[in-house]
Amino acid sequence: MVFDISKIIRPNILTLEPYRCARDDFKEGLLLDANENTHGPAIVNINSKEESLELNRYPDPHQVELKNQIVEFRNSECEKSQLKNFKFDIPNELKINYENLCLGVGSDESIDALIRCCIKPGVEKMLICPPTYGMYSICAIVNDVKEIVKVPLNFDNFQVNKNLLFDTISKDETIKLIYITSPGNPTGKLIDLNDIIEILNKIEEINWNGLLILDEAYIDFSPIGSSLSVLVNKYKKLVVLQTLSKSFGLAGIRLGITFASKEISRVLNSMKYPYNISNLTSDIAIRSTTKESLKLMRKNCELIINQREIVLKNLLNLKGIGKNIGGLDSNFLLLQIIDKNGEPNNELCNKVYKNLAIDNSVVVRFRGNEPGCNSCLRITIGTEEENKILISKFEKVLNELL
């Protein structure tokens, strides 16, 4: 079936031409074209590293070097996939390259941009699968999305309710975007990759004019090869979001990555602010995606995964901890708090959360008000030393409250 971008993107957005920057034409020479301050940064005692970043100059609007490193990483991980029940089938002509990428200030910029470019304000809708990331709804409200349609995950296993999703979008042509988080937040559960492929095939079969957006913020804590970012040329209605905040440990630089078909990526790159990725962010991101740094990232992920097992085992042995209701595919756990009768108790759970934070300086996240997460705390896996403190403080608080 021919991919018709005009049925997905708002007509006014399709007419956009990227803003032409001063650095689009010339990058070397006596640069007096961009109204920059040629005296350099007004920083006392600036060091040689800061000088090398040329902070008085506007950053590269295209970031091709960084994009190429990211693409090489994802393509290589696809080729050495650890998955047993899922097989990639990507011919060379459909492998991703730098033209499939758009970079943003965290994934949130892309979440917002996709809504702006696809959904007519006050007229069209988007679909989410709660429990899920809260920014989807916030961006929808800001952009005057007519309705946020909700197709909850199956609370027994936190997988997508495929039949309900198919039925919902087939009956309402005003739904333009589907947001699915995998691994889920706060569920920590990787969505079955075969289910995602089935959904992609189904939306082609019914000729649905929208985009399926797969948010993979936590994907590197799942088995190597779990990312579907490499499939965006094969499935042009698939968009994949990633970030350097989690597995790369770079939340402070705010860099998000959007993988999309070249047609969609071209639109997103036309919409974005021309200098949205700073020289500082770009420098750190390029250094973090070299082969040597990627090995370190993988090593740190393994440390977290190993500690996740230790933390889970120790916490499940405590009085007042029910079960881990989420998955083991991310850098956190979703644990249920139970009362003396062995029943989930949201009030008790909130007390545990506050007592840990206020009286014991251990901050976890109360998620008891999220659908399917009654009486649950989301607990990020820390260092070995931090995790020992966490377990000790948990035991103390639970003994005091039970």
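Guide: Contact means heavy atoms within 4.5 Å of one another. The model is predicted, so local features need pLDDT of at least 70 and side-chain atom pairs pLDDT 80 or more, while totals for chains, interfaces and linings use all residues. Residues are numbered from 1 along each chain as its sequence is written, and side-chain values use heavy atoms, without hydrogens or water.

Visitor: Which residues of α7 meet α6?
Guide: Helices are DSSP runs of H or I of at least four residues, and strands runs of E of at least two, numbered from the N terminus. Helix α6 contributes Lys162, Leu165, Phe166 and Ile169. By class, the contact has five nonpolar, no polar and four charged residues. The partners in α7 are Asp195, Glu198, Ile199, Lys202 and Ile203.

Visitor: At what angle do the axes of α6 and α7 cross?
Guide: Axes are lines fitted to C-alpha atoms, for helices over the stretch in contact, with angles from 0 to 180 degrees between N-to-C directions. The axes of α6 and α7 (residues 193-205) come within 11 Å. The two helices are therefore roughly parallel, a term for angles under 35 degrees. The crossing angle is roughly 20°.

Visitor: Which strands stand at the edges of the sheet, and why is one side of each without a neighbour?
Guide: The open sheet has seven strands in the order β1-β7-β6-β5-β4-β2-β3, with mixed pairing; two strands pair if DSSP finds at least two bridges between them. Each edge strand has a single partner, so one of its sides lacks a neighbour in the sheet. The edge strands are β1 (101-104) and β3 (148-150).

Terms used
Parallel < 35°, antiparallel > 145°, perpendicular 65-115°, else oblique. Nonpolar A, V, L, I, M, F, W, Y, C, P; charged D, E, K, R; others polar.
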